[in-house]
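Work through the exercises below with the sequence and model open. Try each task before reading its solution.

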Amino acid sequence: MSFVANRLRDWVPAAAFLVLGLVAWQVLVSVLSIQRFLLPKPTQIASAFWNERHSLWSAGWFTFQEAVGGFVIGSAVAILVGLVLARWKPLRSAVMPYAIAANAVPIIAFAPITNAWFSPLSKSSKIAIAAVLCFFPVLVNTIRGLTSVRPESIELMRSYAAGEIEIFRRVRVPAALPYIFTALKVASVLAMIGAIVGEYFGGSIEALGVQIKNSASLFQFETAWAAILVACLLGIAFYLAVALAERIVTRWQPTPGRGE
Amino acid sequence: MRGAGRALLFVLVLAVLWGLWEGYRWVGIKAGITRPFPVNDTTMPHIHEIFAQLFKPSRANGPMLIHVLLKSALFTAKEAATGFVLGGIIGFGLAVGLAHSRLLERGLLPYMVASQTIPILAIAPMVVVWLGSLNSPAWFSVAVIAAYLTFFPVAINSLRGLKSADPKALELMRSYAAGRWRILWKLRVPASLPYLFSALRVAAAGSVVGAIVGELPSSIQDGLGGAILNFAQYYSFQPKNLWATNIVAAALGIVFFVAVVVAERFVVRRAPENVA
């Protein structure tokens with residue numbers, strides 16, 4: 001019972017802000033007579049969203065596949081490389097500065113190059129840029145997580161005569177998981193952005209990024225906003241899916257931040 | 001000695017990366033690799049040629065490419081820096097508001113998270129039109145887009161930092177009848193500084209990405225985003241121009257990052273938790 005009450009207390013303010021925001025948007029657009037090309041009313045966007053739901057969702061699905069493909073490839077390779085680097089300290093200290101520097105580089109600017117490497121119309125060009133975008137944050141956090149173990153825990157395991165593999169499985173991996181999942185959540189958003197920006201530099205007509213670009217240049221702003229809404233919903237769903245996976249995998253750990 | 005060792009390692013890793021690139025290129029061309037992508041002069045130019053391209057004239061009798069690109073980088077840096085400051089202030093202000101009100105935190109935080117899933121590229125043209133109708137210059141619209149990518153990490157981390165103040169110290173302040181603002185200023189803000197700076201490092205990179213991406217659909221030609229869009233169209237003839245532009249963009253991102261790290265050294269050293 002109190003669980004339900006807690007849930008309500010968590011979500012009611014958020015829902016109230018959403019409703020208030022939408023109403024204010026609708027009213028302000030009418031009252032201030034803001035032109036349609038500046039900002040359509042929420043109701044206009046909603047009807048565009050409904051009328052063109054088939055083409056929007058199939059475009060969204062196309063782009064989502066690119067994002068997920070890049071996310072899976074980039075994160076998997078990053079975790080594998082992280083596992084190797086965390087094992088050999090000299091190698092790690094040599095590579096880590098570059099990985100951190102790469103996080104400061106606007107990698108998205110390389111999207112036209114992956115478009116030139118693979119055909120711009122193919123999914124693989126966007127998968128490639130999304131994978132590169134996901135790679136560095138996941139790599140850095142995997143290494144940080146695997147090396148964040150408290151020395152006492154390892155000593156305790158050693159005193160139980162645990163082997164390296166056992167220590168790795170029971171101490172290092174559990175310690176690294178929160179770090180890895182933090183990076184995976186960031187990567188899920190980056191993958192979506194990578195796919196859409198990659199499509200901006202040229203992509204299949206079925207892709208969401210291309211549809212947003214085209215409908216904006218044809219002054220179909222309701223459709224453009226509806227397509228943006230689709231991108232948001234997919235991005236949020238992706239993020240929540242990773243967060244859910246985190247909940248399931250790191251069940252034993254107390255959730256931080258609740259009730260201070 | 002340690003410094004020399006580090007420098008040696010740095011050079012060594014660069015040499016390995018260079019060797020990997022040139023080695024793959026050599027094998028790729030010899031063996032005719034076509035998967036995952038065909039290897040040739042267009043897809044993988046020689047690295048030394050990419051750098052040499054920087055010092056060649058950008059067009060017949062024109063200035064060197066690096067001059068053109070540095071000018072563009074300066075323009076983009078102006079947008080990114082303005083966006084960084086704007087986003088930082090908004091992010092920290094939001095965090096202060098959310099730290100003082102559970103209702104605001106519950107009501108707004110989910111949407112702040114959701115806001116980052118909006119593809120920034122898609123709303124960039126709208127932002128340019130909105131602010132353009134208020135007679136603001138186009139570069140400022142791009143700065144606003146950069147601020148949009150900056151405010152989020154700052155807000156999230158500052159909120160965590162403001163809440164990380166030691167509860168005992170909080171009680172002590174309250175027992176001295178200190179007001180909200182005094183507690184904020186003397187206790188919460190210093191406690192939040194390390195968190196703030198780790199967010200600013202992320203935000204520094206984000207502001208450069210925001211500035212470059214924001215330039216793409218806004219038809220602003222003066223910055224790096226415009227240069228990338230321009231050279232991307234001629235990639236099959238002049239691939240080295242695009243690579244050279246991306247090197248300058250990468251350098252700009254790293255300069256922003258290093259600037260924040262240096263600032264952090266100066267500011268956080270004085271924060272109480274680093275003194276104790």
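**Exercise 1. Neighbours of one methionine**

Task: List what A:Met192 is in contact with, leaving aside its neighbours within four places in sequence.

Solution. Start with the cut-off: two residues are in contact if their C-beta atoms, placed from the backbone, lie within 7 Å. In chain A, the contacts of A:Met192 are A:Ala67, A:Ala231, A:Leu234, A:Gly235 and A:Phe238. Then look across to chain B: A:Met192 is also in contact with B:Thr117 and B:Pro119.

Two conventions apply throughout. Residues are numbered from 1 along each chain as its sequence is written, with chains lettered from A and ligands numbered from 1 in the order in which they are written. The model is predicted, so local features need pLDDT of at least 70 and side-chain atom pairs count only at pLDDT 80 or more, while totals for chains, interfaces and linings use all residues.

**Exercise 2. The nonpolar core**

Task: Find the residues that touch the most other members of the largest nonpolar core.

Solution. First, define burial: a residue is buried if 20 or more other C-beta atoms lie within 10 Å of its own, exposed if 12 or fewer, and partly exposed in between, with C-beta atoms placed from the backbone. Next, define the core: a set of buried Ala, Val, Leu, Ile, Met, Phe, Trp, Tyr and Cys residues joined through C-beta atoms within 7 Å. The largest such core has 136 residues. A:Ala130, A:Cys134, A:Ala191, A:Met192 and A:Ile196 touch the most other members. H8(A) gives this core its largest share, 17 residues. As background, nonpolar side chains tend to be buried together in soluble globular proteins.

**Exercise 3. The interface**

Task: Describe the side of chain A that touches chain B.

Solution. Count first: 39 residues of chain A are in contact with 41 residues of chain B. Now assign them to elements. Helices (H or I, at least four residues) and strands (E, at least two) are DSSP runs, numbered from the N terminus. In chain A, H1 (2-31), H4 (89-103), H5 (111-117), H8 (164-200), H9 (208-217) and H10 (221-249) each supply at least two residues to this side. Finally, sort by type: 35 are nonpolar, three polar and one charged. Here Ala, Val, Leu, Ile, Met, Phe, Trp, Tyr, Cys and Pro count as nonpolar, Asp, Glu, Lys and Arg as charged, and the others, Gly among them, as polar. For the complex, the predictor gives an ipTM of 0.83 and a pTM of 0.86.

**Exercise 4. Two chains, side by side**

Task: Tabulate the make-up of chain A and chain B.

Solution. Take one property at a time. Domain bounds come from an automatic or database domain assignment.

| Property | Chain A | Chain B |
|---|---|---|
| Domain 1 and domain 2 | 1-34 and 42-249 | 1-44 and 48-275 |
| Separation of C-alpha domain centres | 30 Å | 31 Å |
| C-alpha extent along principal axes | roughly 75 × 55 × 30 Å | about 75 × 60 × 35 Å |
| Buried residues | 40% of 260 | 39% of 276 |
| Contacts at separation 6 or more that join residues at least 24 apart | 77% | 75% |

**Exercise 5. An enclosed helix**

Task: Why is helix H9 (residues 224-233) of chain B described as largely enclosed?

Solution. Count the buried positions: eight of the ten residues of H9(B) are buried, so the helix is largely enclosed by the rest of the structure. They are B:Leu224, B:Gly225, B:Gly226, B:Ala227, B:Ile228, B:Leu229, B:Phe231 and B:Ala232. Now find the cover. It includes H5 of chain A, together with H3, H8 (180-215) and H10 (239-268) of chain B.

Contrast a residue of helix H3 of chain B, B:Lys78. B:Lys78 has 17 C-beta neighbours inside 10 Å, so it counts as partly exposed.

**Exercise 6. Confidence**

Solution. pLDDT is the predictor's confidence in each residue, from 0 to 100. Chain A averages 86, and 94% of its residues score at least 70. H1(A) has the lowest mean, 80, and H3 (residues 53-87) of chain A the highest, 93. Residues 255-260 of chain A stay under 50 and have zero contacts beyond four places in sequence. Chain B averages 86, with 96% of residues at 70 or above. Its lowest mean, 46, falls in H11 (residues 272-275), and its highest, 93, in H3 (residues 65-100).
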